[in-house]
Amino acid sequence: MQKQSITVLKPSAGWTGFDFAGIWQYRDLLYLLVRRDFLAQYKQTILGPAWFVLQPLFLTVVFTLIFGKFAQIPTEGLPPLLFYNSGLIIWSYFSHCFTGNASVFTANAGIYQKVYYPRLINPLANCVSGLLGFSVQALFFVGYFCVYKIFIPTASHFEMTSAMLTIPLLIPLVASLGLGMGLWMSVLTAKYRDFNQITGFLAQALMYATPIIYPLSEVPEQYRFWASLNPMASVVESFRFALLGKGSFSFHLLCYSTIVAVLLLLSGIYFFKRTERRVVDYL
Amino acid sequence: MKESLVIQANNLSKKYRLGTIGMTSLREDLSRWWTRSKNGIPKHGFDQAGIDPTRMINDHEFWALHDLNFEITRGEVVGLIGANGSGKSTLLKILSRITEPSEGKVKVKGKVASLLEVGTGFHPELTGRENVFVNGAILGMTRREVDKKFDEIVDFAGVADFIDTPIKRYSSGMTVRLGFAVAAHLEPDILIVDEVLAVGDLRFQNRCINQMKSIAESGKTVLFVSHQMATVENLCKSAFLLNMGQIIYSGKTSDVIKKYREDMEESANLPISQRMIREGSGKCKLSGIEFRNDQNKVVDSLISGKSATIKLFFDIYEEITAPMSLSLGISNSTHVRIAHLCMKTFGKWILPTSQKSFQVNLSLSKLELNQGKYYVTSFLDDESGQIIDWVTDAFVINVLQSDFYGTGMVPPTSQSIFLMDHSFSF
Ligand SMILES: Nc1ncnc2c1ncn2[C@@H]1O[C@H](COP(=O)(O)OP(=O)(O)O)[C@@H](O)[C@H]1O
Ligand SMILES: [Mg+2]
């Protein structure tokens, strides 16, 4: 008979580690949850996965009309559609990680009371499915980009820049920010229902505080410092700079965002793990 | 830990808080904090309904499990027996890592799979196939393991024709079968099963029991909870008897079941209002009963074939705001449920009242039971399904023999619990 591992179940005190081994052991579950969410979301819709692309596209068009045409907020000389779309796709990835994870405990209460698996699998799966959506949207952005380049070459000057190389770093940064905030929110919603309401509102408010419908350069000088304190500000600006050559790329601000992201993520995981131990008794 | 042991618990305890199930809102917490800081003492808002005073730790916490010490050897199939609320599910939850013990520890050797519910994580929009994979993974299988067992699982569940149909089109029986089939093909070292077999038809239940038997024969350990004593007896060699969070007896299954029944009977001798084995919010409690015969005289026993009335008295402790419904479950002397009488069947409801008590009359136009002892479980819930008072084996109906058929002959109780009106013709 092979040697079997012994697990000791006892009241845990303090920090119990990330349990990377446990998450690795359940990697298939992560994959299947991503797949399940994708299938479940689009099975009932007529247009199916096309919504992946249509959602941000609709929003882009609305923004183009309201903020571009009516409010006439400048877009740094970029075609409004490309300007808004670039900001929106990176933002929706953040928002997916943030709002999608805010109700992890309440949404999975039924399962958590019946089966054990590393609870972090759910938020991680959510980040991965967000990444899928982001990739598709990014591909379509490239499509819009080419359409503009080929058919309306006079519209304005925009160029992908070498800052593109930082995109593979920007994405984990966005994911960490969203996940970190989402985990914090999940801890709060597990304790108080009220925070469910706050999540949507907070995401909305943050979006307007982030240079998506306006470039950071349009923010009055005296407020720009405060606007840059939002860790997503430099990320969106850098992303747009990478794709379109306009915006700002500040190494310092990105470092700042990274520090905020790491702190949010670590503290988020810490409180998430603390909550997961107790929450089943109260859900 | 000795080589042959797979589970070893030392001073294992679990605390729960009273009346705090469910999340609070910030407003409730703030107002609680406010009254507390204003009055200096916490408000006694906790509801101790159904919890024995000896289990209380302080005014708001109680022992769901208290100081358990036990060992389980490899290959054993152990039954867990006990009344509602005795802590069976809590123990299984600790062993399957869903919740942590509050004190003490338990060592578990090898991989544990728990089936506390059938089809956990099933998504109605996904097909049977997709759900099998997700459910398998939730229970701890890898994709490859599910893949290898897939045909067996589908075969076991008997849903081959529907495997690519969304689960929402399945009958509830099919869903349960599929859920159980996945769990039955896990290959854990320890399998933990809570009362999940109560659903599903008899033939499928038998298949499940056989499957668990063969799991046990292959050297795995099984921990099994069921209200169906026959199943426990059939499946488990040994059993534990839990009572109010403690293991009060363990040993050979048949002995443990006997002990359990004796205890139940003993408790059935207490006045109903003092009965401890009850669940529910306790806003309103069954306080007494009265049997009346066909002459409307108060009696101790009822006579088979005659009309009878059972009066049930309830006391109200807290304001009732929603209509309530009463169900009575009748079990025979070996605790097999034989009948279910429910107000909902007739669309009748007990309407909220400002009185302190009320009574319900149950009229039986002809008592169609053979002689013997029958246990009646009383279950009161409200419109929303919230349990108000649930007393297992609340009282006993003693039925005396009579000339039911007017022929001077009545079949023996071993052949006929029910006496049905019937006739033969040629
Ligand atoms: N999360 C919880 N919070 C507070 N009390 C609980 C919780 N879960 C169960 N209980 C209570 O603990 C006791 C034991 O419950 P349980 O283990 O489900 O009993 P059983 O399965 O034997 O019927 C019951 O009184 C039940 O109401
Ligand atoms: Mg139970």
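Biologist: How many salt bridges does the rule find across the interface of chain A and chain B?

Modeller: Four. Keep in mind that this is a predicted model, where local features need pLDDT of at least 70, side-chain atom pairs count only at pLDDT 80 or more, and totals for chains, interfaces and linings use all residues. Residues are numbered from 1 along each chain as its sequence is written, chains are lettered from A in the order in which they are written, and side-chain values use heavy atoms, without hydrogens and water.

Biologist: What makes Asp28(A) and Arg143(B) a salt bridge?

Modeller: The rule asks for a side-chain nitrogen of Lys or Arg within 4 Å of a carboxyl oxygen of Asp or Glu. Here the closest N and O atoms are 3.8 Å apart, so the pair qualifies.

Biologist: Which element gives the most to the side of chain A that touches chain B?

Modeller: That is α2(A), with 10 residues; helices are DSSP runs (H or I, at least four residues) and strands are E runs of at least two, numbered from the N terminus.

Biologist: Why are β1(A) and β4(B) called paired?

Modeller: Pairing needs at least two DSSP bridges between the strands. These strands have four, in the antiparallel sense, so they count as paired. In β4(B), Val106(B) is the bridge partner of Leu9(A).

Biologist: What is the area buried between chain A and chain B?

Modeller: About 4300 Å², with 58% from carbon and sulfur atoms. Buried area is the accessible area (1.4 Å probe) that two parts lose on being put together, summed over both.
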